[in-house]
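This report is written for someone meeting the structure for the first time.

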Amino acid sequence: MCAASLTCCPASLAATASCHTHTAVAGDTLIGLSQRYLAEPRRWQVLARVNKVDNPRRIPIGQALCIPVERMKATPQAGVVLEVVGEVSRRNPPGAGPSAAMQPVQKGDAVTQGMTLRTSANGYVTVQLADGSILKIQADTQARLDNSVKYEEAGFFASTWTVLRGRVESLVTHLTGGQPRYQIKTPQAVLGVRGTEFRVATDERLTWGETLDGTVAVSGAAGAAAGTAGRTTLVAAGHGAVTNAQAQVGSPQPLPAAPVLSGLPSLFERPLLRLDLPDVPGANSYRIQIADDADFRRVRAEATLPQPHFRVSDLPDGHYHLRARVANAQGLEGLDGTWPLQLKARPEPPIPTAPANRAKLRAREAQLNWTAHPQAQSYRLQVARDAGFTQLVVDQPSLPDPQATVPLPTGDYHWRIATTAAGPDKGPWGDAQLLLMRDPPAQPPPPVITPDSLQFQLQAEPGQRFEFQMATDAGFTQMLHAVASDKPDITLPKPQEGGRLYVRYRAVDADGFIGPYTTPQMVLLPACVRSSDMQCVRSGEHFITTQP
């Protein structure tokens, strides 16, 4: 008696639910049952024909009777929008207000039979039906609620969604005391359940069904191809099936395993999230979703890429939940790996401007400069001997200006800046900068004065070369000599006239770093005693001084 549909038998499961089973008790008659169950109470002959009952007044106690669901009394049940993220619109069913134009969807809106919901590329909407079942409509998806009713006498709900394109996730309530019926239709397939969690995706060619919990019955869509609509395939938890354009349901296959996300950081301190998932052998693509809630009803960001390296921007600071999955070569997406995230990127740290990263300073102090943040009340500065900032030598928690002069002995240092805004809201540290502090150049020693030359012996480090200058003025505009030397021994012709001379030099390190000029030094040369042929025959006293 159940040949027309598998679902008229209580122990079986199929994609279409055509019968409610009533077990006859004493006093049952087909006339009484038709008045109790049917939308047209006088059509008891329907029950007689379906159940092959000859005497409508005599039904054996305990006989299982099929009550055709499409004939039963039903009360429409509206759903409700639980969450909306991004751009989501709706088209009302005919006769329920403006139906041609799409209207924006808001949290709390009713979702009635015949209503179409459409999400944009950044839109997500979560709908709860009257029986508690949840449908999460993902980005770039169009879905229509075809049917949502309650069969009062039978004590169960029935609902049908049609997904024209895109991806949805269903969490169907397990009900007691009745037979819940929940269907999702696509152009290629019909997927039916009595309480489970599953995903459905469709395009113009294929339908992908992925069962996460329970069992889903999949059959080819009616009218899609001859001889395929009545064939039902049961897809158990952890498996998926692909239905092709000819409404042929493929064999169930295991879903890819969940990627392991424990190697990801939990705290991100830059507005651009860099999510590098582990490579999964055999993965055809990777999908991530970031949501406000652990149930992923408010999905803030989603992306699908052929490689596991994602960049996500424009999220506000806060706590989030990440889930990721991979798809196999058939396009079936696997189980979810999940991971908690915290984004604390604001107020953003200033940008260091000077000295440059890896800069070398030949000085006893460093002038550190950074950009001014428009929201800053103050800045935090740390200087440490190690990259982990465990060996702090400077820790300034509240600097009013975007600069600081820091005395530092010779050594290698790391420095970083953070912004403190109103509140005080302390932002994250910026990227650390390496600073190489080296001894400043030694002042040139007094020259060795000979009758014909001035000889300078400079202090040198291995590999250094030198640029030495001599002038008659402290501003070095009246240059006498400018010498480049690979050696620290500098010999210059002695000016015969004597007087005040000024010298300075700078060292060029082996790595190309050009140090500062030394402080100009004055060399006082007395005029020489000249012979009759105007040659110097004697030098007087000489000395070197830092006084101009």
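A disulfide is here a pair of cysteine sulfur atoms within 2.5 Å. The structure, a predicted model, holds one disulfide. Local features need pLDDT of at least 70 and side-chain atom pairs count only at pLDDT 80 or more, whereas totals for chains, interfaces and linings use all residues. Residues are numbered from 1 along each chain as its sequence is written, and side-chain values use heavy atoms, with hydrogens and water left out.

**The disulfide**

The disulfide is formed by C19 and C66, whose sulfur atoms lie 1.9 Å apart. Because C19 belongs to strand β1 (residues 19-23) and C66 to strand β2 (residues 64-68), the pair ties together parts that are 47 residues apart in sequence. Strands (E, at least two residues) are DSSP runs, numbered from the N terminus. The link of C19 and C66 is left-handed, with -70 degrees about the S-S bond. In the terms used here, buried means under 20% relative accessible area, exposed means over 50%, and partly exposed covers what is in between, all with a 1.4 Å probe and protein chains only. C19 counts as buried at 7% relative accessibility, and C66 counts as buried at 5%.

Two strands are said to pair if DSSP finds at least two bridges between them. An open sheet of three strands runs in the order β37-β38-β41, and its pairing is antiparallel. Since β37 (448-449) and β41 (489-493) stand at the edges and each has a single partner strand, one side of each is left without a neighbour in the sheet. The antiparallel pairing of β37 with strand β38 (residues 453-457) extends over two bridges, and V448 stands opposite Q455 in β38.

**Backbone features in loops**

| Peptide bond | Geometry |
|---|---|
| R346 to P347 | cis, omega near -5 degrees |
| A354 to P355 | cis, omega near -5 degrees |

P347 is placed in the loop between β27 (337-343) and β28 (352-354), while P355 is found in the loop between β28 and β29 (359-362). The loop between β28 and β29 also holds R358, a residue other than glycine whose phi is positive, near 70 degrees. R358 is exposed, with a relative accessible area of 59%. F389 is not a glycine either, and its phi is positive at about 55 degrees. This residue, F389, lies in the loop between β31 (378-384) and β32 (392-399), and with a relative accessible area of 8% it is buried.

Where is the place of D146? D146 sits in strand β11 (residues 142-151), and it is partly exposed, with a relative accessible area of 29%. Contact means heavy atoms within 4.5 Å. With its neighbours within four places in sequence left aside, D146 is in contact with Q113, G114, T160, W161 and T162. A polar contact is a pair of N or O atoms within 3.5 Å; within protein, one must be able to donate a hydrogen and the other to accept it, and residues adjacent in sequence count only if both atoms are side-chain atoms. The side chain of D146 makes such a contact with the side chain of R144 at 2.4 Å, and another with the side chain of T162 at 2.3 Å. From C-alpha to C-alpha, D146 and K185 are 9.6 Å apart in space, and they are 39 residues apart in sequence.

Definitions and conventions: Helix = DSSP H or I, 4+ residues; strand = E, 2+ residues; numbered from the N terminus.
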